[in-house]
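Q: Please go through the labels attached to this structure and say what each one rests on.

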Amino acid sequence: MTEQYKKSLAENFDKLYENIRQSGREVLVVAASKTVDAEVLNYAAENFGLTDIGENRVQELLSKYDDINKDKLKIHFIGHLQKNKVKYIVGKVAMIHSLDSEALALEIEKQSAKMDVVTDVLIEVNIGAEENKSGADASDVEELAKKVLTLPHLNLRGMMTIGPRCESSEEYEEYFGKTYRLFSEIFLDKLPENGHNIESPILSMGMSDSYGAAIKCGANVIRPGRCLFGARSYPQEIK
């Protein structure tokens, strides 16, 4: 890392933390770390108080895993997860944000049982009903949540969304507001009424361009990446 890049990191983290402070909300930063070297992540943990990172791709997560300072950093999986890749990350990640089907839930349960661990999960909702995006339909989230709650090696913590790419904060707030209403209805109202008291429900939404709108709409976990680490390069071999 160059001294200039270290300075840029310091400025970026300071800006993010100041924006969170001004929001008046308590928010966990899960820094989206796709294509970011372990050296940079460890430096951010040591110098800027970063505690959580989010990986999108199983292969990249595994390639970095041994070099990440796991005493200081918790690793989340925030990308689309294929069933045949589950076995590689169970036991290595603090939370899977992208549970979007009963079939995937059952596979995470199976692999977690094999390792005798309980895996924290969030249900990903495709709030914009976009055909090219993963995530459960909004109408399916409640039933999926009820199913997950029956699986002994899964610990349901809440909900995640990516949301459509928008041109303004107002557009983001439309989708994030809709997500919060669904989250509130299911995780704050219906599930507790049925005796399922999820401790400190999580709503994970908002990235570099949208975390401000997400926090305003009730997110308590955000996933910024580019605004912290700068523009990314995406090697073709990483999947």
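Q: How close do the axes of helix α6 and helix α7 come, and at what angle do they cross?
A: The axes of α6 (residues 141-148) and α7 (residues 169-193) come within 11 Å and cross at roughly 40°. Axes are lines fitted to C-alpha atoms, for helices over the stretch in contact, with angles from 0 to 180 degrees between N-to-C directions. Helices and strands are DSSP runs numbered from the N terminus (helices H or I, at least four residues; strands E, at least two). The model is a predicted one, in which local features need pLDDT of at least 70, side-chain atom pairs count only at pLDDT 80 or more, and totals for chains, interfaces and linings use all residues. Residues are numbered from 1 along each chain as its sequence is written, and side-chain values use heavy atoms, with hydrogens and water left out.

Q: Why are α6 and α7 called oblique to each other?
A: Angles under 35 degrees count as roughly parallel, over 145 as roughly antiparallel, 65 to 115 as roughly perpendicular, and the rest as oblique. The crossing angle is roughly 40°, and α6 and α7 are therefore oblique.

Q: Which residues of α6 and α7 meet?
A: V141, E142, A145 and K146 of α6 meet L182, I186, F187, K190 and L191 of α7, where contact means heavy atoms within 4.5 Å.

Q: What puts the buried residues of α3 on the same side?
A: In α3 (residues 58-65), V58, E60, L61, K64 and Y65 are buried, that is, under 20% relative accessible area (1.4 Å probe, protein chains only). They cover an arc of only 165° around the axis, which puts them on the same side of α3; the arc is that of the directions from the helix axis to the C-beta atoms. Their packing partners are α2 (38-48), β2 (52-55), β3 (74-77) and α4 (86-89).

Q: How do you know whether D116 is buried or exposed?
A: The cut-off for exposed is over 50%. D116 has 65% relative accessibility and so counts as exposed. D116 lies in the loop between α5 (102-115) and β5 (119-124).

Q: What makes T35 partly exposed?
A: Partly exposed is the range between the buried and exposed cut-offs, and T35 counts as such at 21% relative accessibility. T35 lies in the loop between β1 (28-32) and α2, and its phi is near 70°, a positive value in a residue other than glycine.
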